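Subject: Structure for you to look at

Hello,

Here is the structure I said I would pass on. Please open it next to this message and follow along; my notes come after it.

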Amino acid sequence: MTRSSWSSTAVAFAAASALALVLAGAPYALAQLPTGCGCTAAGTVTYRMTFTATWTDPTPPTSFPHWSSPIGTSHSSCYTMWKGGILSTTGMKNMAEFGGTGTLKSEFTAAGAQTLSTVEAGGIGAASGTTSATFTADRYHPLVSVATMIAPSPDWFAGVNSVDLCSGSTWQQSVSRNVYLWDAGTDSGLTWTAFNSVTNPYQVIERFTMASTRATVFSSYGGGAFGTMRFDLVGTDTGSSGTDPSCSQCVSATANPTAPVGATTTFSGQGNVIPSVSMLVTSLLVAVATLFH
């Protein structure tokens, strides 16, 4: 084999090795930052949350179908107001069963620097309608979660969880999400006006599906959305951001950008990793070096 062909073979081998690392997953990988940890946008901003309910069942379950006051907060990556698959807090229980907001607001306060601004709009006194409220966010608290009880119901609600208002160094002008129906897991009632029936033990929060025991309740919707929640940027203060809550997830991800494959932490279902750039560069440098050996 000539020197030229041998060198070409070496380069090809190195390139194939690099491709193998991509396909198999490099021994070390860059972990994707948790949602809400990569925001570098300046200042404190004001958003308007608009909840538009589209509950249009032609045969409503009661003469007074309505929605409780939407309640929520802007927060860091380390705070969870609610999400599917976990147990409801007392605040979420009270909101989903009675439309109460006081306990949730106390939970926001108890979270300290992990929460920033409360979102609270007026209720909607009909099956469909619109309500809105403003709140603030900053680089340390770029996420927002909101929930509202659908009434009357045992413990059913609609809402959004950890919507990211920031994209790198930019605040998003408008973000819209469909809202679906969820069961808080604290009351076992199967009909709109069922008597109180405490679930013991409590079950995790679960989204209604056509396969659930409550499928007939929402059969006319085919499991679809009950409305939207939209977040529009309405004001920007380019001054300093709020207090850094030192969110442990963000601190850990920033301080340890690499982790062995198999030990890479998964955050909010976003555990994708990419091969270590340094390893790929090293492979290519070795290949180039053989040309001059």
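Helix α2 is mostly covered, with seven of its nine residues buried. The buried ones are Gly91, Met92, Lys93, Asn94, Met95, Ala96 and Glu97. Bear in mind that this is a predicted model, so please read every value here as computed from that model.

What do the buried residues of α2 pack against? Their partners are strand β4 (71–75), helix α3, strand β7 (143–151) and strand β8 (156–164).

α2 covers residues 90–98 and α3 covers residues 102–110; their axes come within 7 Å and cross at roughly 155°. Angles over 145 degrees count as roughly antiparallel, and therefore α2 is roughly antiparallel to α3. The crossing of these two helices is left-handed. On the α2 side, the residues that meet α3 are Thr90, Gly91, Met92, Asn94 and Met95, and on the α3 side they are Thr103, Leu104 and Glu107.

Next, the aromatic rings. A pair of such rings is described by the distance between the centres and the angle between the planes. The count for this model is nine aromatic pairs. One of them is formed by Tyr47 and Phe135, which are stacked, at 6.2 Å centre to centre and with 20° between the planes. Where do the two residues sit in the chain? Tyr47 is in strand β2 (residues 44–54) and Phe135 is in strand β6 (residues 128–138), so the pair links distant parts of the chain, 88 residues apart. Tyr47 and Phe135 are both buried.

Another pair is Trp67 with Phe226: the ring centres are 6.5 Å apart and the planes stand at 75°, so this one is edge-to-face. Trp67 belongs to strand β3 (residues 66–67), while Phe226 is in the loop between β12 (206–207) and β13 (227–237), so the pair ties together parts that are 159 residues apart in sequence. Are these two residues buried or exposed? Trp67 has a relative accessible area of 2% and is buried; Phe226, at 1%, is buried too.

Tyr47 and Phe135 also belong to one aromatic cluster, together with Trp171 and Phe231. A ring can also have a charge over it: the charged end of Arg207 sits over the ring of Tyr180, 3.7 Å from its centre.

Thr118 has a relative accessible area of 35%, so it counts as partly exposed. Leaving out neighbours within four places in sequence, Thr118 is in contact with Ile71, Gly72, Thr73, Lys105, Phe108, Thr134 and Phe135. Phe135 is thus in contact with Thr118 as well as paired with Tyr47. From Thr118 to Val146 the C-alpha distance is 9.5 Å, and the two are 28 residues apart in sequence.

Last, the totals. The protein has five helices and 15 strands. Of its 293 residues, 42% are buried. Among contacts with a separation of 6 or more, 78% are between residues 24 or more positions apart.

Regards

Technical notes
Residues are numbered from 1 along each chain as its sequence is written. This is a predicted model: local features need pLDDT of at least 70, side-chain atom pairs count only at pLDDT 80 or more; totals for chains, interfaces and linings use all residues. Side-chain values use heavy atoms; hydrogens and water are left out. Rings of Phe, Tyr and Trp (its six-membered ring) pair if their centres lie within 6.5 Å; planes under 30 degrees apart count as stacked, over 60 as edge-to-face and the rest as tilted. Helices (H or I, at least four residues) and strands (E, at least two) are DSSP runs, numbered from the N terminus. Buried means under 20% relative accessible area, exposed over 50%, partly exposed in between (1.4 Å probe, protein chains only). A charge sits over a ring if NZ of Lys or CZ of Arg is within 6 Å of the ring centre and within 35 degrees of the ring normal. Axes are lines fitted to C-alpha atoms, for helices over the stretch in contact, and angles run from 0 to 180 degrees between N-to-C directions. Angles under 35 degrees count as roughly parallel, over 145 as roughly antiparallel, 65 to 115 as roughly perpendicular and the rest as oblique. A crossing is left-handed if the near helix is turned anticlockwise from the far one by less than a right angle, and right-handed if clockwise. Contact means heavy atoms within 4.5 Å.
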